[in-house]
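Please read the points below with the sequence and the model open beside them.

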Amino acid sequence: MADDHLGEEAQPQSARPLHSSPLSLHSVGSSHPNIATQIAPTIQPDSEESDEAYAESITTSYVTSIASEISKGVLENDRIYPNYGKHSYGLPVDEHEMDRLDLQHRKYELVIGDRHFLAPVGPTPQKILDLGTGTGIWALDVADMFPSAEVIGVDIAPIQPKWVASNCQFEIDDVEADWMYKEDSFDFIHFRDPLYCIRDWPKLMSQCLSHLKPGGWCEFACIYPVPMCDDGSVPETSGFKSVCMKFMEAGRIFGAPLDVPLHFATYMREAGFVDISENIFKVPASPWPKDKRLKQIGALEMTNILEGAEAFGSRVFHQVFGWSKEQIEVVLMDMKRDVRNRAYHQYCQYIVVYGRRPT
Ligand SMILES: C[S@@+](CC[C@H](N)C(=O)[O-])C[C@H]1O[C@@H](n2cnc3c(N)ncnc32)[C@H](O)[C@@H]1O
């Protein structure tokens with residue numbers, strides 16, 4: 001199945017069947033007649049430990065230039081946060097974070113089988129909206145993929161490039177506010193990694209539904225940051241797990257719970273979407289798998305965790321638990337140590353849910 005996929009690069013993404021994904025998902029039934037759920041199989045670990053340098057070799061070095069970025073927002077514990085939007089956002093939006101987001105983009109595309117999304121959007125969509133677009137990397141790729149489409153990326157932070165393809169534009173706005181876009185106008189609405197972002201999910205889903213054309217598709221994709229293990233190799237004392245559980249607790253108190261990907265399908269169904277498909281991928285936390293592709297994903301994820309740890313914790317741990325920058329660094333060291341341990345076969349789920357507005 002995996003090899004079939006490799007010969008399909010030239011085929012339009014929307015024409016590729018989902019089952020051709022190299023991470024072949026299998027059906028696990030359904031929590032509701034309108035929701036079909038599929039999950040990735042158990043990952044086989046690599047028994048050879050000779051590629052120690054693998055992950056370290058792709059670690060990006062980051063350069064942060066605070067002075068030139070201050071216009072993007074407010075400075076807090078050496079990181080820049082957006083100063084726009086009704087509620088505060090939990091992650092920074094500085095150069096360091098922008099590098100992380102761009103690396104994540106590559107990782108997520110690998111995870112879902114070298115695609116930009118999974119929804120069966122037709123070959124000639126006319127209007128596409130990317131919510132919380134970040135650096136705009138997804139919107140730019142999708143504008144390139146669909147020259148027929150006008151692609152709009154919206155974010156509370158002005159961190160997108162100024163010069164872009166003529167069919168792509170970026171806007172600064174809060175997606176939790178009432179939308180000014182025309183109703184019934186989009187063919188596809190997308191939101192990836194809405195971590196520590198959204199307070200009112202039913203309102204957001206309902207705005208997505210009413211702004212899609214009848215028959216249009218909506219897709220939400222997000223990491224569920226609770227480490228899991230299928231072979232008992234991770235002790236209960238794992239620092240990765242315990243720090244992630246603190247992220248979960250902080251997200252809840254912050255008002256933007258991180259377990260939201262588990263509820264995407266239900267929120268969509270309650271808003272009125274149909275033909276909902278929930279796809280659960282496994283993202284290894286380090287290059288521990290035997291499979292080459294999963295090993296590469298694991299290397300990217302390890303870089304993401306090692307380089308992004310401060311971003312995930314700085315604001316929320318400080319605001320929610322009152323921890324100082326130094327206290328946060330100590331806590332995160334436990335996590336970093338155990339993420340590097342490739343004897344621990346840990347992974348997080350990446351949940352991609354799409355659904356259609358009824359015609
Ligand atoms: C984790 S980043 C993901 C960026 C992008 N979707 C990606 O996958 O590369 C979340 C983004 O959502 C933006 N964001 C957070 N709250 C928002 C809101 N209420 N309205 C619009 N954008 C928001 C942040 O500024 C940030 O750029």
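This is a predicted model: local features need pLDDT of at least 70, side-chain atom pairs count only at pLDDT 80 or more; totals for chains, interfaces and linings use all residues.

Which residue of β6 is the bridge partner of Ile128?

1. The partner is Val151, which lies in β6. Strand β5 (residues 127-131) pairs with β6 in the parallel sense over five bridges, where two strands pair if DSSP finds at least two bridges between them. In general, the strands of a sheet pair through backbone hydrogen bonds, either parallel or antiparallel.

2. Residues are numbered from 1 along each chain as its sequence is written.

3. The secondary structure of the chain comes to nine helices and eleven strands, taken as DSSP runs and numbered from the N terminus (helices are H or I with at least four residues, strands are E with at least two). Of the 359 residues, 46% count as buried; a residue is buried if 20 or more other C-beta atoms lie within 10 Å of its own, exposed if 12 or fewer, and partly exposed in between, with C-beta atoms placed from the backbone. Among contacts in the chain with a separation of 6 or more, 71% join residues 24 or more positions apart, a contact being two residues whose C-beta atoms, placed from the backbone, lie within 7 Å.

4. Nine strands form an open sheet with mixed pairing, in the order β1-β2-β10-β11-β9-β8-β5-β6-β7. The edges are taken by β1 (26-27) and β7 (168-172), each with a single partner strand, so one side of each is left without a neighbour in the sheet.

5. Helix α6 (residues 239-254) lies across β9 (212-229) and β11 (346-356), running at about 135° to β9, whereas helix α7 (residues 264-271) lies across β2 (35-39), β9, β10 (274-284) and β11, at about 15° to β11. These angles run from 0 to 180 degrees between N-to-C directions, and the axes are lines fitted to C-alpha atoms, for helices over the stretch in contact.

6. Helix α4 deserves a separate look, since seven of its nine residues are buried. Among them are Trp138, Leu140 and Met145, and the buried residues of the helix pack against α3, β5, β6, β7 and β8 (186-192).

7. Leaving aside neighbours within four places in sequence, Phe188 is in contact with Ala119, Val121, Pro125, Ile128, Gly216 and Trp217. Ala119 is 69 residues from Phe188 in sequence, yet the two are 8.7 Å apart in space, C-alpha to C-alpha.

8. Asp334 belongs to helix α9 (residues 325-340) and is partly exposed, with 16 other C-beta atoms within 10 Å. Beyond four places in sequence, Asp334 is in contact with Gly239, Ser242 and Val243. Val243 is 91 residues from Asp334 in sequence and 7.8 Å from it in space, C-alpha to C-alpha.

9. Around the ligand there are 24 residues, of which Gly132, Gly134, Val175, Arg192 and Cys197 come nearest; a residue is near a molecule if its C-beta atom, placed from the backbone, lies within 6 Å of it. Helices α3 (95-111) and α4 (137-145) and strand β6 (150-155) each supply at least two residues of this shell, and the largest share, three residues, comes from α3.
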